[in-house]
Amino acid sequence: MKKLELNYSAYADLFRGLALLMHSGVTVGDGLAILAEDEEDKRLSRLLSDMSVSIEAGQPFYEVLSDSGCFPSHAIGMIEAGERVGKTEETLHSLAAYYESRDRDSKSLRNALIYPSLLLLIMVAIIVILLSKVLPIFDEVYSSFGGSLDGIAGALLSVGNALNFALPFIGIAVGAIVIITALVFLTPAASRAIKGLFLRAFGDRGIMKKMNDSHFAQILSVTLASGLSVEEGIELATGVFADRPGAASRCQKCLELVKNGTELSSALLQARMLSSSACHLLALGTRTGNADLVMDKLASRSADEAQEALTSAISRIEPAIVIITCVMVGIILISVMLPLLNIMKAIG
């Protein structure tokens, strides 16, 4: 089969649709065939159809997923465990919920980076236009009255003249940057490389750490629901965070603690994977035999907390950019208008 790259949304739709069909009594092979018929993407439709044929030939579902080369190892491992204990449908529902959450987080993070960046560029453009185009006009007005801009206004005028001289070069540079950036992000390999560099540098700090903790909780919730052991679930999570060394290191520490006999809730707390209150609830759930249900609730709460942190950061960044820009524009206008008012008074 030819490898096809799928996004989080595609995984979520596939697993959710297949789970719903299985709930209606349809087999996995027939379910894949039905999904293939309804799929508009011809490549994905062909992939699902080929997978259906392989399953009808007697190959296990998880092996078909593995042979396709299009599905993450942790999803394959969870489905293998689900098939082993007769919980394939529940596992598919859990995976669908997990990838829906990852899709929301991915879109939220993208919006959090794009919108403030565009806003900042617009504000910078406004300030550059004021300095390079508007201030020289005021300087000509002052010259006609026998005056000149000095002090802050004079310094800003010098900056504006320099910008005005450099505008053609700045325009060429900005255009080149935009073109190169577009080409990079349109090239999958280059896009993955840049994303990898960003995740290695900042992939386990601040909001990203909260998102990692949320994803870890969701993976552990899915693995427990699929019948996997805690150790296997943590190992799968470590693989998921392979591109984020900080998060992978915390997972590895948690795994070592569990293997050494430490209770799961205590290991998660020591590895800083969950908060103390969440670990306390998990400890209670473990004692009552409801660890999977408690983990599911904790995963949902962790996802909400990560989303709130991201929303809060966005709500602080946007006003900050607007306020800083307004202050700078105000300083420029006041520094220009005050000398003009003095000239008008002298004339009057």
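View 1. Glutamate 100 is partly exposed, because its relative accessibility is 27%, a class lying between buried (under 20% relative accessible area) and exposed (over 50%), as computed with a 1.4 Å probe on protein chains only. The model is predicted, so that local features need pLDDT of at least 70 and side-chain atom pairs count only at pLDDT 80 or more, while totals for chains, interfaces and linings use all residues. Residues are numbered from 1 along each chain as its sequence is written, and side-chain values use heavy atoms, with hydrogens and water left out. Glutamate 100 forms a salt bridge with arginine 16, with 3.1 Å between the closest N and O atoms; the term requires a side-chain nitrogen of Lys or Arg within 4 Å of a carboxyl oxygen of Asp or Glu. Since glutamate 100 lies in helix 6 and arginine 16 in helix 1, the pair ties together parts that are 84 residues apart in sequence; helices here are DSSP runs of H or I with at least four residues, numbered from the N terminus. Arginine 16 is also partly exposed, at a relative accessible area of 23%.

View 2. Aspartate 213 counts as buried, because its relative accessibility is 11%. Its side chain meets that of lysine 209 in a salt bridge (3.1 Å, N to O), and both residues lie in helix 9 (residues 206–226), four residues apart, about one turn of the helix. Aspartate 213 also forms a salt bridge with arginine 250 (2.9 Å, N to O), which links helix 9 to helix 11 (residues 245–259) across 37 residues. Arginine 250 is buried, with a relative accessible area of 4%, and the shared partners join Lys209, Asp213 and Arg250 into one network.

View 3. Threonine 88 is found in helix 6 (residues 88–144) and is buried, its relative accessible area being 13%. Leaving aside neighbours within four places in sequence, threonine 88 is in contact (heavy atoms within 4.5 Å) with Met22, Phe61, Gly82 and Glu83. With residues up to four places away likewise not counted, phenylalanine 61 touches several residues, among them Leu18, Val28, Glu83 and Thr88.

**View 4. Arginine 301 in helix 14.** Arginine 301 is found in helix 14 (residues 291–347) and counts as partly exposed, at 32% relative accessibility. Apart from residues up to four places away in sequence, arginine 301 touches Ser277, Ala278 and Leu281.

Methods:
Helix = DSSP H or I, 4+ residues; strand = E, 2+ residues; numbered from the N terminus.
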